[in-house]
Amino acid sequence: MHIGLIGLGKMGNNMRARLRAHDIEVTGYDNNPAVSDVASLKDLAEALPAPRIVWVMVPSGAITAGVINELSEVLSEGDMVIDGGNSKFTSDFENEKLLTPKGIKYVDAGVSGGVWGLENGYGLMVGGSDDDIAAALPIFDALRPEGPREEGFVHVGPIGAGHYAKMVHNGIEYAIMQAYGEGFELLETKKDLIKDVTGTFKAWQRGTVVRSWLLELLVLGLEQDPSFEDISGYVEDSGEGRWTLEEAIDNAVPMPAISASIFARFVSRQGDGSPTMKAVAALRNQFGGHAVKKAD
């Protein structure tokens, strides 16, 4: 199989490497000529065998929309576009409206795994028709973690379902990170009693009911900077948490934990932040390579 991949940043470049390691030929395009295999999207289309499959891995919003619009002009009937970015699910409906009249297939893929995906694989949540998902399955199998397919991949439903599932995934992630951060602050406050905060979190990695990959990443962060002295408590959000809350309001679903975690991020931007938010910032940096602000 031979596919195109647009966007060779932190995740895209690792995805290209993982696909190639699983015997899938990849021609990549990026605005940075130093990492790009071709000079333009037109060249990318010409380099791929028909029917083409092109995976888009660029920042969500206007950039993704622009790339898909340009692809609609250079691809042909029978080709397929997969949006693997953190797009809002409603944009998938617009992409479908643009591409379907031209006979171009569309799949949306929620992707989790961050900068660790090259080594560990990516959790995948995809939306699209049964036939289109089946055609792209070798790509998903190469990207997902080793082990049973159903533990790292799900065909959630029709177009839009993949990004909707990823939106909820990220909302849950916000709340889990907030809980770990708050626990860190309380332990850090009781230094007269708790003599090894890092060791406490490390001991929770096996056998406890709060063990998780996020916990492992928090331990990594603590081992690098035990009190997070070098990190500001300023925490950004990338959109999915807000979208999750919008959907919760529209569907009258109570989400007190997720909403509190998002509002805590807003509070963090009004000052240097608390130890809780320093831990949350450190976690975002560990799993996604998201930039952190240095403490003053």
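Here is a short chat about a predicted model.

Trainee: What should I know about the model before I start?

Mentor: It is predicted: local features need pLDDT of at least 70, side-chain atom pairs count only at pLDDT 80 or more, and totals for chains, interfaces and linings use all residues. Residues are numbered from 1 along each chain as its sequence is written, and side-chain values use heavy atoms, leaving out hydrogens and water.

Trainee: At what angle do α7 and α11 pack?

Mentor: About 70°, with the axes 8 Å apart. Axes are lines fitted to C-alpha atoms, for helices over the stretch in contact, and angles run from 0 to 180 degrees between N-to-C directions. That makes α7 roughly perpendicular to α11 (65 to 115 degrees). Helices are DSSP runs of H or I, at least four residues, and strands are runs of E, at least two, numbered from the N terminus.

Trainee: Which residues in α7 meet α11?

Mentor: Among them are Gly171, Ile172 and Tyr174. On the α11 side, the residues include Ala257 and Ile258. Contact means heavy atoms within 4.5 Å.

Trainee: New topic. What is the strand order in the sheet?

Mentor: β2-β1-β3-β4-β5-β6-β7, an open sheet of 7 strands with mixed pairing. Two strands pair if DSSP finds at least two bridges between them.

Trainee: Which are the edge strands?

Mentor: β2 (25-29) and β7 (153-157), each pairing on one side only. The twist averages 25° from one strand to the next.

Trainee: How do β3 and β4 run?

Mentor: Parallel, joined by 4 bridges. Valine 54 stands opposite valine 81 in β4.

Notes:
Parallel < 35°, antiparallel > 145°, perpendicular 65-115°, else oblique.
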